[in-house]
Amino acid sequence: MTNKPYGYTRMATYVERRVLELKPTKNQAEIAAQVGYVNPNMITMFKQGSFKVALDRVPALAKALECDAAYLMRLAIEQSIGLTAAEAVVEVFGEPVTSNELGWLKAIRKASNNTDPRLTSRLETAIKTIFGR
């Protein structure tokens, strides 16, 4: 049996999904090289959860995976220190906002004419409907 201490993490699942999505345009060896790894198996180890993503590699990995660095850092912190500790970091330093989330925020501000709308249960239901939940 192989050792996969991080196989349960959202980071492992996310890296696996992004590598699959990028397969038509780049392979794992190219992704690994863009991150600065000589061995393309590092990406496989991340996907399988046998190795955790080093925090200092997150910016390069985000660029290679063509994803938001703030989101990937959130996943890396969670993987590195655990969910409870990661929640404490967010509590102290605030929730990082991805570029996609920033786009939503700008759209809300524009739609509300910058009136700082309160999130009512009706509006929350409308948002959930958008995402089919």
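One term before we start clicking: a residue is buried at under 20% relative accessible area, exposed at over 50%, and partly exposed in between (1.4 Å probe, protein chains only). Two notes on the ground rules as well. This is a predicted model, so local features need pLDDT of at least 70 and side-chain atom pairs count only at pLDDT 80 or more, while totals for chains, interfaces and linings use all residues. Residues are numbered from 1 along each chain as its sequence is written, and side-chain values use heavy atoms, with hydrogens and water left out.

**The whole chain**

Start zoomed out, in cartoon view. You'll find eight helices and zero strands, where helices (H or I, at least four residues) and strands (E, at least two) are DSSP runs numbered from the N terminus. Along its principal axes, the C-alpha trace spans about 50 × 35 × 25 Å. Of the 133 residues in the chain, 26% are buried. Now for contacts, meaning heavy atoms within 4.5 Å: among those between residues at least 6 apart in sequence, 61% join residues at least 24 apart.

**Helix H3**

Next, select residues 41–48, which make up helix H3. Show the side chains of Met 42, Ile 43 and Phe 46, the buried residues of this helix. Turn the view to look down the axis of H3: the buried residues fall within an arc of 100° (taken from the directions from the helix axis to the C-beta atoms), so they line one face of the helix.

**Aromatic rings**

Stay with Phe 46 and bring up Tyr 37. Rings of Phe, Tyr and Trp (its six-membered ring) pair if their centres lie within 6.5 Å; planes under 30 degrees apart count as stacked, over 60 as edge-to-face and the rest as tilted. By this rule there are four aromatic pairs. Tyr 37 and Phe 46 form an edge-to-face pair, at 5.8 Å centre to centre with 65° between the planes. Both Tyr 37 and Phe 46 are buried.

Now jump to Trp 104 and Phe 131. These two form a tilted pair, 5.4 Å centre to centre and 35° between the planes. The pair links distant parts of the chain: Trp 104 sits in helix H7 and Phe 131 in the segment after H8, 27 residues apart.

**Two pockets**

A pocket, on a 1 Å grid over the protein atoms alone, is an open set of points where a 1.4 Å probe fits, with protein on both sides within 12 Å along at least five of seven lines; lining residues have an atom within 4 Å of a point. Grid points are joined across faces, edges and corners, and a volume is the space filled by probe spheres set on the points.

The largest pocket has a volume of about 370 Å³. To find it, select Ile 108, Pro 117, Leu 119, Leu 123 and Ile 127, which lie nearest its centre among the 16 lining residues. Helix H7 (99–111) and helix H8 (121–130) are the elements that give two or more residues to this lining, and H7 gives the most, with five.

The second largest pocket holds about 220 Å³ of space. Select Arg 74, Ala 86, Val 90, Glu 95 and Pro 96 to centre on it. Here the elements giving two or more lining residues are helix H5 (69–81) and helix H6 (83–93).

**Loop stops**

Click Val 97, in the loop between H6 and H7. Not counting residues up to four places away in sequence, Val 97 touches Ala 70 and Leu 102.

Two last stops have backbone angles to check. Most residues other than glycine have a negative phi. Glu 66, in the loop between H4 and H5, has a positive phi of about 55°. Asn 113, in the loop between H7 and H8, has a positive phi near 60°, and counts as exposed at 63% relative accessibility.
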